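Please read them with the structure open.

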Amino acid sequence: MEQGNRVKRIVIAGGGTAGWMAAAAMAKTLGAVLDIKLIESEEIGTVGVGEATIPTLVTYNRLLKINEQAFMAATQATFKLGIEFANWRRRDHSYIHSFGITGKDHWTAGFQHFWLRGMKEGVASDYGDYCLELKAALEDRFAHLPEQGLNYAYHLDASLYAKFLRGMAEEHGAKRIEGKIVSVEKHAENGFLKSVTLMDGQVIEGDLFIDCSGFRGLLIEQALHTGYDDWTHWLPCDSAVAVQTEAVGPAIPYTRSTAHDSGWQWRIPLQHRVGNGLVFCSRYQSDDSAIDLLTKNIEGKALTDPRVLKFKTGMRRKHWNRNCIALGLSSGFIEPLESTSIHLIQRGILRLMQMFPSDGIKQSDIDEFNRQTEFEVEGIRDFIILHYHVTDRRDTPFWRHCAGMDIPASLQHRIDLFRETGRVFKQSDELFAENSWIQVMLGQGIMPESYHPVADAMSRDELVAFLAHVRTNVERTAMQLPPHEKYVQQYCKAAM
Ligand SMILES: Cc1cc2nc3c(=O)[nH]c(=O)nc-3n(C[C@H](O)[C@H](O)[C@H](O)COP(=O)(O)OP(=O)(O)OC[C@H]3O[C@@H](n4cnc5c(N)ncnc54)[C@H](O)[C@@H]3O)c2cc1C
C-alpha cells in the first residue's frame, strides 16, 4: 500500500472479541465496497475473559441494528446497572458506581451541591438514595423504561458475542480464514505492511491491517515496533486468575468488585453461570496464593480450572501506525475494574469508520485518531487509579503502596477540585461523566469542603421538600420494576 492509494483490501489479524466486532461493523457498513478478510487461529485461541460491559455497548449494538433479545439470548447475557465496590475504601464498607444520573442538577451546579447542604443540615440521606439505577440494582430489579429512563449495560459471554458477530460479519461479506500467521511482510520504501503469510504458505495482501491479535500485538508491535507506555507505576496489578462457577441463585443486575489484600475479585452473573476472577499484583502475591484465595471466595461449584493471565498495564505509543490500526488487547490494557476494554474496542471501530481512509492513508487522519484515542484512554486510566489511590486502607503493603504513590497531575487536579469545591467537570469526549466521578470520589471517601452558593438560595423547607421528592420518586419507580431474573427469563432467555 502506497501512501495516497485507495484502501479496499482490509486484513483483520485475530478473531477474538476485537476482531469480530471490527469485522461486523465494517462489513455491515462498508461490506459492499470493501474486501474484508479475518484470519484467526483455533490453535492459539482467544483470551477467553471479558464479561462485563458499560452502557455504550447498547448504543454500539443499536448502530449495527442488532436485535437485543436475540443478542442477549445468544450470549447468555443479563442486565448490568453498575458495579458494587466492597472493601475498597475500608473493610466492611461498600458503595455502588451505577450507570444512572443522581438527583436533578441546576444549570449552575450539580445535584451534589444540594445534597452536600442537605448532609450539612442533617436532612439528606445516602447519595445513592437519589439514583434510580442504584436503587434498582440494590433491589435486584430491572425493566426497560421509556426514553432510556434506566441506563444499563450487559454481563455477557464475550466468546459467544464474538461468535454472534461472526455470523453477522460473514453474512455481509467478510471472509474468515483459519490459519496461523507466521510472518509479516512490509513495503521496502515506506515500511507499510504489505501482507501476512500463514503457516500453510498462503499470502494475504492488504491495504489496511487491523491488529486484533491480542496481547502479542503481532502487527503493531512485533512487525512495526510501535512501542508501549508502561503504567505499572500507577496501576501495579499485573496478573489475574479466572474461574467460572455454577450459579447458586438468581443473577443480580450488577457486577461485584471486592478488594482483597493485594488486588480485587470480580463476580459477574450470566444466565448460565457466573464469571469470577482475581486481579492481583505479583509483587505482593504469588500465583498459587491468588488461586487459593479465589477458590476459597467463590460461591458454587467450579466449572473450569483456575487460569492465570499475565498483563502489563499501559498503552501502545500509537494506536494507528502506518497502515496498521491496533484494536483490543494489542492496543494496550487497563485492568477490568470499570469494564472498559470492550468499550475501547468499540470506540476504535467507530473512530475508524468516521475517518475511513478510502482515498489513501493521510498522516493528519493518523494523528487525529491517535490524539483522540490517547485522550480517551488516559481519562479511563485516571479514573481507575482513583479507586486505588483514594482509600483509607493502609492494612497491607499493597494498599500502603497505592495510597502513597504519585498520581498523574490530571487526576490530582480533579481530586483537589472536588475536595475543595464539590465541583466536577466532564472534559469534552471523555467516557466517564460527572456522576461517575462523584459516585466514586464520595465512595472512596472524599467529602467536599464546600458547595455552590445556589444550594443556599433555597429555604430549608424547600431543600427538604426537593430532596424528599427526588428520593421518593426513585424509591417508588424502583419498587414498581419486576425482579431482574424474572425479566431476563421473559425477555431473552437463553437456550441452556
Ligand atoms: C483478566 C481479564 C479480564 C477482563 N475482563 C473484561 C471485562 O469484564 N470487560 C471488558 O470489556 N473487557 C475485559 N477484558 C478485556 C477483554 O477480554 C478483551 O478486550 C477482549 O476479549 C478482546 O480481546 P482481543 O480480541 O483483543 O484478543 P484475544 O481474545 O486474545 O484474541 C486474539 C485473536 O488473535 C488470534 N491470533 C493471535 N496470534 C495469531 C496468529 N499468529 N495467527 C493467527 N491468529 C492469531 C487468536 O487466535 C485470537 O483469535 C478482560 C481482560 C483480562 C485479561
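Predicted model: local features only at pLDDT ≥ 70, side-chain atom pairs only at ≥ 80, totals over all residues.

1. Six strands form an open sheet with mixed pairing, in the order S7-S2-S1-S11-S20-S19. Its edges are strand S7 (175–178) and strand S19 (320–321), each of which pairs on one side only.

2. The S2–S7 pairing. Strand S2 (residues 35–40) runs parallel to S7, and four bridges join the two. Within this pair, Glu-40 of S2 stands opposite Glu-178 in S7.

3. The ligand shell. The ligand is surrounded by 38 residues, the closest being Gly-14, Gly-16, Gly-50, Gly-214 and Gly-328. By class, 17 residues of the shell are nonpolar, 17 are polar and four are charged.

4. Where the shell comes from. Domain 1 (9–51 + 157–230 + 313–361) and domain 2 (239–310) each contribute at least three residues to the shell around the ligand. At least two residues each come from helix H1 (17–30), S2, strand S13 (239–245) and helix H9 (341–354). H1 gives the largest share, three residues.

5. The H1–H6 packing. H1 also packs against helix H6 (residues 158–171), at an angle of about 25 degrees and with the axes 8 Å apart. Because angles under 35 degrees count as roughly parallel, H1 is roughly parallel to H6. The crossing of H1 past H6 is left-handed.

How values were computed:
Residues numbered from 1 in each chain as written. Pairing = 2+ DSSP bridges. Near = placed C-beta within 6 Å. Nonpolar A, V, L, I, M, F, W, Y, C, P; charged D, E, K, R; others polar. Domains from an automatic or database assignment. Axes fitted to C-alpha atoms, helices over the stretch in contact; angles between N-to-C directions. Parallel < 35°, antiparallel > 145°, perpendicular 65-115°, else oblique. Left-handed = near helix turned anticlockwise from the far one by under 90°.
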